[in-house]
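The sequence and structure come first.

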Amino acid sequence: MSEIKQLECGLIMPISTIDSCSSDHWSEVKSVISEAVKSIEEYNFSVSLVSDADEIGVIQKRIVQNIYSSDIVVCDVSGKNPNVMFELGMRLAFDKPTVIVKDDKTDYSFDTGVIEHVGYPRDLRFSKIVAFKEKLAEKVLATYKKSESDPDHSTFLKNFGKFEVAN
């Protein structure tokens, strides 16, 4: 019996009140996303905010390091939080596997609207959240697998030309 591969899924998302959604709302969304990713049986995903760490340190350093080093990132652009959009921009510049989600009340952004987004209802209605979780798990799995099997896979950057991330 082979051991299931351990992978890191970073979360980029709002955590405090924005666009009439409270911090409790975002905590529930975080739980929904985490449950969806952890339901993937082919891999053993740990899911955490890119700002999370066990140790005390410079939070910006931790965020950038986790944005870069996570095996895959799920980014919730609901509410268009400026920090979230900036962190998403960094992840896309690193050209690493990323899945974008958004609620049904948030418009698409001009720059990232060309990337498929997985939608969910802002009111977190149960039956639609069940469907969202299934679709999100499928997209995370397929995106990660494609990034592993295809060296030319790109969520965003390589679609515009050849670029190399500086060391």
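## Overall fold

The model is predicted. The chain contains 4 helices and 5 strands, arranged along the sequence as β-α-β-α-β-α-β-β-α.

A compact globule of 167 residues would have a radius of gyration near 15 Å, and the chain agrees with this because its own value is 15 Å. The C-alpha trace spans about 40 × 40 × 35 Å along its principal axes. Of the 167 residues, 44% count as buried. Among contacts between residues at least 6 apart in sequence, 65% join residues at least 24 apart.

## Helix α3

Helix α3 covers residues 82-94, 13 residues in all. From first to last C-alpha the helix reaches 19 Å, close to the 18 Å expected at 1.5 Å a residue.

Its buried residues are Val 84, Glu 87, Leu 88, Met 90, Arg 91, Leu 92 and Phe 94. In an α-helix there are 3.6 residues a turn, so residues three or four places apart point the same way. The cover over the buried residues of α3 includes β1 (6-12), α2 (59-69), β3 (72-76) and β4 (98-103).

At the start of α3, a side-chain oxygen of Asn 81 comes to within 2.8 Å of the backbone nitrogen of Asn 83. Just after the helix, Asp 95 has a positive phi of about 55°.

## Aromatic pairs

A pair of aromatic rings is described by the distance of the centres and the angle of the planes. The structure holds 4 aromatic pairs. One of them, Tyr 43 with Tyr 144, is edge-to-face, at 5.2 Å centre to centre and 80° between the planes. This pair links distant parts of the chain: Tyr 43 lies in the loop between α1 (23-38) and β2 (44-49), while Tyr 144 is in helix α4 (residues 126-149), 101 residues apart. Both Tyr 43 and Tyr 144 are buried.

Tyr 120 and Phe 132 form a tilted pair, with 5.1 Å centre to centre and 55° between the planes. Here Tyr 120 belongs to strand β5 (residues 117-120) and Phe 132 to helix α4, 12 residues apart. Tyr 120 has a relative accessible area of 3% and is therefore buried. Phe 132 is buried too, with a relative accessible area of 3%.

Ring pairs also join Tyr 43, Phe 45 and Tyr 144 into a cluster.

Terms used
Residues numbered from 1 in each chain as written. Predicted model: local features only at pLDDT ≥ 70, side-chain atom pairs only at ≥ 80, totals over all residues. Heavy atoms only, no water. Helix = DSSP H or I, 4+ residues; strand = E, 2+ residues; numbered from the N terminus. Expected span 1.5 Å × (residues − 1). Buried < 20%, exposed > 50% of the residue type's maximum accessible area, 1.4 Å probe, protein only. Contact = heavy atoms within 4.5 Å. Polar contact = N/O pair within 3.5 Å; in protein donor to acceptor, adjacent residues only side chain to side chain. Rg over C-alpha atoms; globule rule 2.2 N^0.38 Å. Phe/Tyr/Trp six-rings, centres within 6.5 Å; stacked < 30°, edge-to-face > 60°.
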